[in-house]
Amino acid sequence: MRLATFNILHGRSLEDDRVDVARYADAIASLDADVVALQEVDRSQERSARADLTAVAAGALRADEHRFVAALSGTPGATWMAATGAEQPDEAAYGIALLSRLPVRSWEVVRLPSVPCTVPVVLPGRRRPTLVRDEPRVAVVAVVEDPATGRCVTVAGTHLSFIPGWNTWQLRRLVRTLRRCPAPVVLMGDLNLEAEAVRRSTGMRSLVRADTFPAHAPQRQLDHVLVGGDSTRPLRVLDAGARRLPLSDHLALTVDLA
């Protein structure tokens, strides 16, 4: 089983500042993963040719099982509101996705606590704090079955806040929710936290250690693939690493499991 997680930056390349849907599809196909978690995913947004980027990725991977979960409805950086799950399929939205080429027994959406107000944050390249409004945050959880063995694995994908403290709180909240899911549990995504903070907050085992951000000269690991609840039958890593693809400001992570 190959797992992958990738913050796609809504399919945009930093080289030409464009979203090329065909280039995006080729990049996702190159991961050749059985289960993929995507972050910063657009649906019906003008900046990404009004494409459904989850459907494009599913077609590229031939993943029959897939879910897009909107974190917000509207346009990121402009007019938006927190998504409720009642959005129409053609409504402009932005969020996360989880895709699987393996059968999925069940799906669940977890909406995480969001920052209730604007907060001061020192942004890269600036000396003084800027007041920012964080986006709502969500997770999507699937119980995936390996047809060859009949063994099930719970896989969760998420994208946490970049605001210090809130991301840790969201992560701990999510891990508590995942404890009631069938073990083993794999958590993937852009956690906006580095490895040591993730370990302290989750107690989960990292399946891959590699810097993932920024893509042109990675210095920090913000993206993670973690596992918990596999102490009796540990998941064995055959290969793992980070890959630079022709889009996004993050590297993708892939993990091959026995």
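**Cavity, pocket and fold of a predicted model**

The largest cavity has a volume of about 60 Å³. A cavity is a set of points, on a 1 Å grid over the protein atoms alone, where a 1.4 Å probe fits but cannot get out. Grid points are joined across faces, edges and corners, and a volume is the space filled by probe spheres set on the points. The model is predicted: local features need pLDDT of at least 70, side-chain atom pairs count only at pLDDT 80 or more, and totals for chains, interfaces and linings use all residues. Residues are numbered from 1 along each chain as its sequence is written, and side-chain values use heavy atoms, with hydrogens and water left out.

A search of the whole structure finds one cavity of 30 Å³ or more. The largest cavity is lined by E40, A71, Y94, G95, I96, E135, P136, R137, V138 and H159. Lining residues have an atom within 4 Å of a point. Helices (H or I, at least four residues) and strands (E, at least two) are DSSP runs, numbered from the N terminus. By class, the lining of the largest cavity has five nonpolar, two polar and three charged residues. Here Ala, Val, Leu, Ile, Met, Phe, Trp, Tyr, Cys and Pro count as nonpolar, Asp, Glu, Lys and Arg as charged, and the others, Gly among them, as polar.

The second largest pocket has a volume of about 190 Å³. A pocket is an open set of points with protein on both sides within 12 Å along at least five of seven lines. The lining of the second largest pocket consists of M1, L102, D146, T149, R151, V153, R233, L235, L257 and A258. Six of these residues are nonpolar, one is polar and three are charged.

The protein chain holds four helices and 15 strands. Its radius of gyration, taken over C-alpha atoms, is 17 Å, close to the 18 Å that the globule rule (2.2 Å times the number of residues to the power 0.38) gives for 258 residues, so the chain is as compact as a globular protein of that length. Along the principal axes, the C-alpha atoms fill a box of roughly 50 × 40 × 40 Å. Of the 258 residues, 55% count as buried. Buried means under 20% relative accessible area, exposed over 50%, and partly exposed in between (1.4 Å probe, protein chains only). Contacts (heavy atoms within 4.5 Å) were also counted. Among those in the protein chain with a separation of 6 or more, residues 24 or more positions apart account for 72%.

L160 sits in the loop between β10 (152-159) and α3 (166-178). At 0% relative accessibility, L160 counts as buried. Leaving out residues up to four places away in sequence, L160 touches L112, R137, N167, Q170, L171, D190, L191 and N192. L160 and D190 are 30 residues apart along the chain, yet their C-alpha atoms are separated by 6.5 Å.

A search of the whole structure finds zero disulfides. A disulfide is a pair of cysteine sulfur atoms within 2.5 Å. The sulfur of C152 is 12 Å from the closest cysteine sulfur, in C181, and so too far for a bond. For C181, in turn, the nearest cysteine sulfur is that of C152. C152 is buried, with a relative accessible area of 15%. C181 also counts as buried, at 12% relative accessibility.

Backbone geometry was examined next. A cis peptide bond joins A183 and P184, with omega about 0 degrees. P184 is found in the loop between α3 and β11 (185-190). Another cis peptide bond joins F213 and P214, with omega about -10 degrees. P214 lies in the loop between β12 (205-206) and β13 (223-228).

Positive phi values occur in residues other than glycine. H10 has a phi near 45 degrees. This residue, H10, lies in the loop between β1 (2-7) and α1 (21-31). H10 counts as buried, at 7% relative accessibility. R62 has a positive phi of about 60 degrees. The loop between α2 (53-61) and β3 (65-74) is the place of R62. At 74% relative accessibility, R62 counts as exposed.
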